[in-house]
Amino acid sequence: MNYSDLTILVIDENAIRASIIEEGLLEAGHTNVTVIHEVQGVARTIETLKPDVIIIDIENPNRDMMEHLFQLTRSVSRPIAMFVDRSDTAQIEAAIEAGVSAYVVDGLKKERVKSILDMTVSRFNAFSRLQRELAEAKSALEERKVIERAKGILMKMRGLSEEQAFTLLRQTAMNEKKKMSEIAQSVVTAAALLM
C-alpha cells in the first residue's frame with residue numbers, strides 16, 4: 001500500500017481543531033481523510049470505514065470520555081494517535097496500555113501532524129511485530145514442552161532412549177505429513193486416556 005493511500009479517521013469534537021489536523025494531513029499528501037465530530041457511535045464508523053490510522057483529538061479530556069475511548073482502542077488493532085491539551089501520568093499509562101501508539105500533549109500544530117502520523121504508524125508496526133514474535137516464541141515453547149512430555153511417555157512405555165523416542169516422533173510426523181508437535185500431542189492425549 002502506498003503511504004499516501006492510507007484511510008485516516010479523525011475523531012474530534014472541536015471543528016476548528018479537526019480542521020488543523022485535516023489541513024496537516026492534506027498538506028502531507030493524505031487525501032482519504034474522514035472527520036467525525038461525535039464520539040457517540042464511533043465504533044460503528046470504524047467498523048464501516050475500516051481506517052488504516054485513527055487520530056483522536058480531545059481538547060479537555062474527562063475520565064469517562066477517556067475510558068470510553070480506551071475501551072474502543074483496545075478492541076481496534078490499528079495505529080492510533082491521540083492529541084490532548086492536558087494529561088497526567090495515569091492517563092498516559094492508560095492510553096499506552098489501551099494501544100495508543102502516540103500520545104501527544106499540547107502539541108496540535110498542522111506542521112507536526114505528518115511526523116506524528118509517521119511515528120504512530122512506525123511505532124504500531126514495531127509493537128505489532130514484537131507481539132507476533134512473542135506469540136511465536138510462546139507457541140514454540142509450548143510445542144517443545146509437548147514434545148518433551150511425549151518423549152518421556154514413549155521412553156517409559158516402550159523402554160526407548162531419549163534419542164529413539166525423538167526419532168520415533170520425527171519419523172511418525174514425516175510419515176503422517178504432520179508437525180512433530182501434533183504427533184506429540186496425540187501421544188500425550190492417548191497416554192492420558194490409557195493411564
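The model is predicted, so local features need pLDDT of at least 70 and side-chain atom pairs count only at pLDDT 80 or more, while totals for chains, interfaces and linings use all residues. Residues are numbered from 1 along each chain as its sequence is written, and side-chain values use heavy atoms, with hydrogens and water left out.

**Domains and cores**

The domain assignment, which is automatic or from a database, gives domain 1 (6–107) and domain 2 (135–192). Taken over C-alpha atoms, the centres of domain 1 and domain 2 are 48 Å apart.

The largest nonpolar core has 22 residues, and I11, I56, L69 and M82 have the most contacts inside it. A nonpolar core is a set of buried Ala, Val, Leu, Ile, Met, Phe, Trp, Tyr and Cys residues joined through side-chain atoms within 4.5 Å. Two or more residues of this core come from each of β1 (8–12), α2 (42–49), β3, α3 (63–75) and β4 (80–84). Helices (H or I, at least four residues) and strands (E, at least two) are DSSP runs, numbered from the N terminus. Helix α3 supplies the largest share of this core, five residues. A second, separate core of 17 residues includes I8, V33, A81 and L108.

Leaving out residues up to four places away in sequence, L69 touches V39, I56, I58 and M82; contact means heavy atoms within 4.5 Å.

**Residue D57**

D57 is found in strand β3 (residues 53–58). With a relative accessible area of 4%, D57 is buried; buried means under 20%, exposed over 50% and partly exposed in between (1.4 Å probe, protein chains only). The side chain of D57 makes a polar contact of 2.6 Å with the side chain of R17. A polar contact is a pair of N or O atoms within 3.5 Å; within protein, one must be able to donate a hydrogen and the other to accept it, and residues adjacent in sequence count only if both atoms are side-chain atoms. Beyond its neighbours within four places in sequence, D57 is in contact with I11, D12, E13, R17, I21, F83 and L108.

**Largest pocket**

The largest pocket has a volume of about 280 Å³. On a 1 Å grid over the protein atoms alone, a pocket is an open set of points where a 1.4 Å probe fits, with protein on both sides within 12 Å along at least five of seven lines; lining residues have an atom within 4 Å of a point. Grid points are joined across faces, edges and corners, and the volume is the space filled by probe spheres set on them.

The lining has 16 residues, of which G99, V100, F124, F127 and Q131 lie nearest the pocket centre. Helices α3, α4 (89–97) and α5 (110–158) each give two or more residues to the lining, and α5 gives the most, with five.

**Residue R144**

R144 is also found in helix α5 and is partly exposed at 36% relative accessibility. The side chains of R144 and E148 are joined by a polar contact of 2.6 Å. The C-alpha atoms of R144 and S181 are separated by 7.4 Å, although these residues are 37 residues apart along the chain.

Most residues other than glycine have a negative phi. Two exceptions are tabulated.
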